[in-house]
Amino acid sequence: MEDGTQNLEDCVVDMKELSANPKGLSAVGVILTPKMRQVEFSLACNDLVASGADRKPSALVQVAVIDPHKQHLVSHTSTEIVEANKDPLFLTGVTFPSEYPASPETLVKLTVYDVKDRGQESNSFLGSATFSIGDLLRAKDEQLTLSLRSSDGVCSAGRVVVSRLKMGEMEEVEVDHVATNTPLQKCPLVCESAHHSCIDREDNLLTGPVFRNPVCKVYRFQTIDSKWMLVREQMEECTLSFSIPKQLLSLYIQEDMRRVQDLRELGELSPHWDNLRKEVMAQYGGIISSYQETLAELDKITGCSFKPSCCKAQKSLEFIPINLHTQRMRVTCPKKTDALYDIITVGAPAAHFQGFKCGGLQRLLSRYEAEKKSFSTAYQCIYYSPEHTAKAQEVLSLMSVLQPFITSLADQLLQAAQEHSSSGLRDALKSLSEKTEQFVHTLKDELVKSALLALHAAQPGYVSKSQKHNPVQAHHPGNISQGTDQNQSPVQGFPGHSPVQRLPGHSPPTPVTESTVVCNNVEPSQLTTGGEARLMSMKKQDSIPHHKEYDEEEWDRLWANVAKCLNCVIAMVDKLQEEDNSKHEQVPVQQLADVITSHNPGDWREQLCPLVTRLKECVIEVVEKAKRAMTFVLLQEAACSIPQGFLLQQRRDIVFSQALAGLACGFVMRLYAGMRDKDFLTQLHLVGLVAQFESLLSTYSEEIGMLEDMEVGISDLQKVVFKITEAKTDDLSELQPLVCGQRDHLTVEVPLPQLVFQTLPEEIKEGKLLRVFPVLFNVGINEQQTIAERFGDISLQERINQKNFEILDAYYKLLSEKLPVECLPCFQTQTDIKELLETLGQNVVTKKRKNVEILWISGSICRRLNGIRFTSCKSAKDRTSMSVTLEQCALLRDEHHLSKDFFVRALDCMRREGCRIENVQKNIRGRKYAFNMLQLMAFPKCYRPPEGTYGKVDS
């Protein structure tokens, strides 16, 4: 790739046109199909007359549309304020996107005001003018010069110039009279993959089902060589805000229902264990009921695509991400390729309804894990380490997949035998052997064997060796003797292991040496007496218990029988094929056809059928036993978790749901943008994508709890993989991403139209799972962070940044091993990624207050790695808006040579009249960022909004 640009034609497929003309598809399967042309124009004024003769006007133009049917004004947009200039040239333009119902007959009214006091919003009317869109399109050079009528109707207020803007066609304008002020601020190095042209997402049938309700803004800024660049912002909602959480809720309900059913199928247990089972089932029932109610409430909501920040603590919406939007900036420069820059903005994934009085997930999980052993004592149950419970879930998950797979492959083998197909027989046998060997390997784990004995000991009438030889204790059926086994070790703490992965349903990154603590199988009456004796019974052991009635070798024989049955099947297939080959060798060529015709095709099947049937029976028998054993492990884990563990599971589900909705939105947006970039698609299936989450939360008060929730939610995204599928039909409703799996492993399927799907690399078309590497970097910037840095504790932020720097560095090393650096996009700023990583590593260990360079550098690295960029604060509304606009202006400066004299003006334009203030309007129905002067004094200067755009609001 020669530069950091990519063609945007990849994103557009018109299914109707392709149906009418299939040969119209280009070599890569895409066609540009723009809708009605977009109408965009810039504004300037000449010879304005101020209300006071001794001053120059500070002009602002408000734009309204006259509804031709109802004959009333509809406010559309406004420009920025150009101070003290009688001939202002406005940087903020006016756009009528193709979604807007504008026509040549549409009337536009321009009203010019003189702004005397920004803070008090004190304006005086200077004049107005009206024109139609048709007038502009028919005018010479598509430019109109209109006289401004003053309030008394005299045309002496000045003139307004309306000029049609065309993306990709840049005019050169004299800029001597454009006011400039405010020096350049220090900003980050930020870049993004770029594209050749711009098509509205509603024109793009690939994105139509996922993104909606676009808000568009247009600007023109001066470059360092006195040329003009055209900049267009587009912000949209995402349907995945609701569809992903609803799918997750359905999966959670199904998973918990299966767990309840598995608990029922454990069979008869002793009174103590039976009571624990009933209590755990009741807890699951409560979660299922709560999730069903939430899902029913969400199903009632129609037409909404985002959750406003004012609803962040609403119970029925707690699974929905806060204020999830996409934002895209398109830049057109003279004689240069257009560029697109994407970012996803979303409120920090957190359980706002549950609150943060006791902290967030990270702290709660640490405390929970420390206390769980005492819970196991109180409930007289077996304590399993987080690694054991994760292993149990893994075994259950693999069995649920492998058993039907093995059955299906066995049937395919018999079908091939029926058809007397040697090649079919070999292929089916190869697949059957691989899956059966994987099945056997999974069940050889010592945890399964020990859990079977623990389950046996929990059944009524169990008598251990010690009870058999000690009549005094014989009336206590739960006393378990302790044997020895060199393969087992006592329970140990795991220093340095993050509690993030320690709740049931969430697999740890790496399992460790297995260990269990075994308790007595006591009667319920013993729970309230003999506390000291119970504590003494909670001894760490080196092995599982033994007694004469339990055949410990039975399990080994069972799973070994599966392997033996497979060997018999393999031997029979070899024998059949050898016999068949020998027959063909003995028969003359001219008689071969007669032999094949006369051969009975049922012979192979008849000989194989008993062996295959026995294999399937052995698999079923093993699955039943292993499933009960692993369910018993999870029963004990759940019993030790009552009630705190279930509350934490719900909180984790909520936070993860918000995080996954954001990630899925970002993945889809990035995939659509890179559909024709072969290097990007190669990177996608060979390595995966990095998803960089920028957080602006403080480490003080409630926000530290939000950050603790967010850390866990982002970390849990590691268990998510993506899969690109072929849509069943060309209907746009078929292009909505689907979620499948269970808590410990989820797959998001992204369907594409058939013609687009066929252009993808073979690896992706064959269903290869695509990984995402989430990383989180946090730097608080508000007044609460000032308090935390001076009087509190910022160790959480330091640990998060250090840990995620290591993940990002490891990702780059992995990428470097599998892809040449030439496959990554190049940028105007030639800083090497390795050098940027070194600088980031230095910054994360440097003690520096509000070190926002960590965010700038990590964002730059993410973009250079073809990654997905996210920005978050509490509500993705105020601090997020400051960050996004700063990033956009910084990349205009670094990648498109924005004049330093225009940097702050561009920043103010975007913050005052751009998409982000529209985002504020959508959330709180007001156009004020939720800051006050005292707060802003603590902000880094480049994160402060312009005067008049902030104030006290209910956010």
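Predicted model: local features only at pLDDT ≥ 70, side-chain atom pairs only at ≥ 80, totals over all residues.
The chain has 955 residues, and 58% of them count as buried. In secondary structure we get 26 helices and 22 strands. If you look at contacts with a separation of 6 or more, 77% of them come from residues 24 or more positions apart. The accessible surface is about 39,100 Å², and carbon and sulfur atoms own 51% of that.

Now, the helix pair. Two packed helices are described by the angle between their axes and the distance between the axes. Here we've got α6, residues 386-418, and α7, residues 422-443, with an angle of about 155 degrees and axes 9 Å apart. Anything over 145 degrees counts as roughly antiparallel, so that's what α6 and α7 are. Their crossing is left-handed. On the α6 side the contact includes Leu398, Met399, Phe405 and Ile406, and on the α7 side Leu425, Leu429, Leu432 and Phe439 are among the residues involved. By class, that contact has 17 nonpolar residues, six polar and one charged.

Last bit: phi angles. Most residues other than glycine have a negative phi. Aspartate 141 isn't a glycine, yet its phi is positive, about 55 degrees. You'll find aspartate 141 in the loop between α2 and β8, and it's exposed, at 67% relative accessible area. Histidine 897 is another non-glycine with a positive phi, about 60 degrees. Histidine 897 sits in the loop between α23 and α24 and is partly exposed, with a relative accessible area of 27%.

Key:
Residues numbered from 1 in each chain as written. Heavy atoms only, no water. Axes fitted to C-alpha atoms, helices over the stretch in contact; angles between N-to-C directions. Helix = DSSP H or I, 4+ residues; strand = E, 2+ residues; numbered from the N terminus. Parallel < 35°, antiparallel > 145°, perpendicular 65-115°, else oblique. Left-handed = near helix turned anticlockwise from the far one by under 90°. Contact = heavy atoms within 4.5 Å. Nonpolar A, V, L, I, M, F, W, Y, C, P; charged D, E, K, R; others polar. Buried < 20%, exposed > 50% of the residue type's maximum accessible area, 1.4 Å probe, protein only. Areas by Shrake-Rupley, 256 points an atom, 1.4 Å probe, with all protein chains shown as cover.
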